[in-house]
Amino acid sequence: MDDKDFNGQGAENRSPGAEPVTANPWEALRRFTAARIALGRSGVSLPTQPQLAFQLAHAQARDAVHLPLDVPALRTALQEQDVCDAEEVLDVHSAASDRQVYLQRPDLGRRLCESSRQQLLDRFGSMAERRYDVAFVIADGLSALAIVRNAAPFLAEVKRRIAPEGWSVAPPVIVQQGRVAVADEIGELLGARLVVILIGERPGLSSPDSMGLYLTWMPARGLSDASRNCISNVRPEGLPYPEAAYKLHYLMAQAHQRGLSGVALKDETAGEGAELDVRRNFLLDGA
């Protein structure tokens, strides 16, 4: 067998100074995205470093899915960010008893367990009265890591925007093993005209800590996705907190003004973008 290096080329046949990794001409574009582009090659394979980075990202994504939500730490973070006092936060659980059940039965993550439902009924009474302008629900979703890193600082940014306007805000609710639709049941039980859920999104191979926001007007059990508005990829490396809070504030105000949400409510903040630091599309730079 010939003595060949990992390029499949004998050392004696390789030109002096030749690099073991063949560069990709698109490498300059990598500064615009965290996507795996222009990684180069070694022979017909990925170079070792990108391959190891891929394996690390895959492990981080899996860990994010299975990481339990640290509720006491989240309470502390909410207080430290001056979102609310720790004792104001309500802690509930979905009908999915544990992570294994949660992953296998998405339907159970969409509703509260009976004890949590009764807990809210006992505290807030009849669901007929809509006493709060907005309720914020925080759920682990598919990435508790996203919530631990992003929920408190993002809510602090939202509070800064809505505080001067006199919104009545329900006590924050933390849901373990929760999915998006559980916020509709919680918002109904709290008596909120509008509910916003902050939830850990399905981890990607470059974003294990991405947080999503879903907004519903007049929340109630049984609503479909068509009744909700979504803002995705909220994190410093994705949609930054100020920009995400600006968009959410706009949708919240429009939902109250027009009495609707979902497919009938469009995000038109791009047309009002003087306040936003809009990042240019690199494809248009220099055009």
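**Exercise 1.** In this predicted model, determine where Asp82 is placed and describe its phi and its exposure.

*Solution.* Step 1: Asp82 belongs to the loop between helix 2 (71-80) and strand 1 (90-93). Step 2: its phi is near 60°, a positive value in a residue other than glycine. Step 3: for comparison, most residues other than glycine have a negative phi. Step 4: the relative accessible area of Asp82 is 53%, and the cut-off for exposed is over 50%; Asp82 is therefore exposed.

**Exercise 2.** State how many aromatic pairs the structure holds, then classify the geometry of Phe124 and Tyr132.

*Solution.* Step 1: the structure holds 1 aromatic pair. Step 2: this pair is formed by Phe124 and Tyr132, with 6.5 Å centre to centre and 75° between the planes. Step 3: planes over 60 degrees apart count as edge-to-face, and the pair of Phe124 and Tyr132 is accordingly edge-to-face. Step 4: Phe124 and Tyr132 are both buried.

**Exercise 3.** Identify the ring over which the charged end of Arg179 sits, and give the distance from its centre.

*Solution.* Step 1: the ring is that of Tyr102. Step 2: the charged end of Arg179 is 4.1 Å from the centre of this ring.

Key: Residues are numbered from 1 along each chain as its sequence is written. This is a predicted model: local features need pLDDT of at least 70, side-chain atom pairs count only at pLDDT 80 or more; totals for chains, interfaces and linings use all residues. Side-chain values use heavy atoms; hydrogens and water are left out. Helices (H or I, at least four residues) and strands (E, at least two) are DSSP runs, numbered from the N terminus. Buried means under 20% relative accessible area, exposed over 50%, partly exposed in between (1.4 Å probe, protein chains only). Rings of Phe, Tyr and Trp (its six-membered ring) pair if their centres lie within 6.5 Å; planes under 30 degrees apart count as stacked, over 60 as edge-to-face and the rest as tilted. A charge sits over a ring if NZ of Lys or CZ of Arg is within 6 Å of the ring centre and within 35 degrees of the ring normal.
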